[in-house]
Amino acid sequence: MDFGPDDQVERDAPEAPYEQLAGILRARLERGDWKPRRPIPSEARLCDEYGLSRPTVRRAVAELVSAGLVFTVPQRGTYVRDRSEDERQDA
């Protein structure tokens, strides 16, 4: 299912909350809410914003890491991956 950048997590939806959040965050990345090489909001902030538990948020962010959209720096946060670097490497 496609999610929009302004969607909210619905508790009674067929998709798990982490899947919904991953889709919403992916849409926000595509819209350009966060610039490449800049951090996305912290887990705590995403918990507050979406009313979810930390393990749920962590699992959603892990989905984005697996997809290569963001990367995590221990003790620093999660950052938007710069896709233009990938395009330069492919050339």
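1. Gln75 counts as exposed, at 84% relative accessibility. Buried here means under 20% relative accessible area, exposed means over 50%, and partly exposed lies in between, with a 1.4 Å probe and protein chains only. Gln75 lies in the loop between strand E1 (70–73) and strand E2 (77–80). Although Gln75 is not a glycine, it has a positive phi of about 70°.

2. A note on the basis of these values is in order. This is a predicted model, in which local features need pLDDT of at least 70 and side-chain atom pairs count only at pLDDT 80 or more, while totals for chains, interfaces and linings use all residues. Residues are numbered from 1 along each chain as its sequence is written, and side-chain values use heavy atoms, with hydrogens and water left out. Helices (H or I, at least four residues) and strands (E, at least two) are DSSP runs, numbered from the N terminus.

3. Arg37 should be noted for its backbone as well. Arg37 is not a glycine, yet has a positive phi of about 70°. Arg37 is placed in the loop between H1 and H2.

4. How many aromatic pairs does a search of the whole structure find? The search finds 1 aromatic pair, formed by Phe71 and Tyr79. Rings of Phe, Tyr and Trp (its six-membered ring) pair if their centres lie within 6.5 Å; planes under 30 degrees apart count as stacked, over 60 as edge-to-face and the rest as tilted. The rings of Phe71 and Tyr79 are stacked, at 5.8 Å centre to centre and with 20° between the planes. Phe71 is partly exposed, with a relative accessible area of 32%, whereas Tyr79 counts as buried at 15% relative accessibility.

5. The next topic is the packing of H1 and H3. H1 (residues 17–31) packs with H3 (residues 54–66) at an angle of about 50°, and their axes are 8 Å apart. That makes H1 oblique to H3. Axes are lines fitted to C-alpha atoms, for helices over the stretch in contact, and angles run from 0 to 180 degrees between N-to-C directions. Angles under 35 degrees count as roughly parallel, over 145 as roughly antiparallel, 65 to 115 as roughly perpendicular and the rest as oblique. The crossing of H1 and H3 is right-handed; a crossing is right-handed if the near helix is turned clockwise from the far one by less than a right angle, and left-handed if anticlockwise.

6. Which residues of H1 and H3 meet? From H1, Pro17, Tyr18, Leu21, Ala22, Leu25, Arg26 and Leu29 meet Thr56, Val57, Arg59, Ala60, Glu63 and Leu64 in H3. By class, this contact has 9 nonpolar, 1 polar and 3 charged residues. Ala, Val, Leu, Ile, Met, Phe, Trp, Tyr, Cys and Pro count as nonpolar, Asp, Glu, Lys and Arg as charged, and the others, Gly among them, as polar.

7. Tyr18, found in helix H1, is buried, with a relative accessible area of 14%. Leaving aside its neighbours within four places in sequence, Tyr18 is in contact (heavy atoms within 4.5 Å) with Thr56, Arg59, Ala60 and Glu63. Tyr18 and Ala62 are 44 residues apart in sequence and 9.7 Å apart in space, C-alpha to C-alpha.

8. Is Gln20 buried or exposed? Gln20 is buried, with a relative accessible area of 1%, and is found in helix H1. Beyond its neighbours within four places in sequence, Gln20 is in contact with Phe3, Gln8, Val9, Glu10, Ala13 and Glu15.

9. H2 (residues 43–50) and H3 pack at an angle of about 110°, with their axes 9 Å apart. That makes H2 roughly perpendicular to H3, and their crossing is right-handed. Here Glu43, Ala44, Leu46 and Cys47 in H2 meet Arg54, Val57, Arg58 and Val61 in H3. The residues of this contact divide into 5 nonpolar, no polar and 3 charged.

10. Between H1 and H2 the angle is about 105°, with the axes 13 Å apart; the two helices are therefore roughly perpendicular to each other. Leu21, Ile24, Leu25 and Arg28 in H1 meet Leu46, Glu49 and Tyr50 in H2. This contact of H1 with H2 has 5 nonpolar, no polar and 2 charged residues.

11. Asp12 is found in the segment before H1 and counts as exposed, at 71% relative accessibility. Asp12 and Pro36 are 24 residues apart in sequence and 33 Å apart in space, C-alpha to C-alpha.
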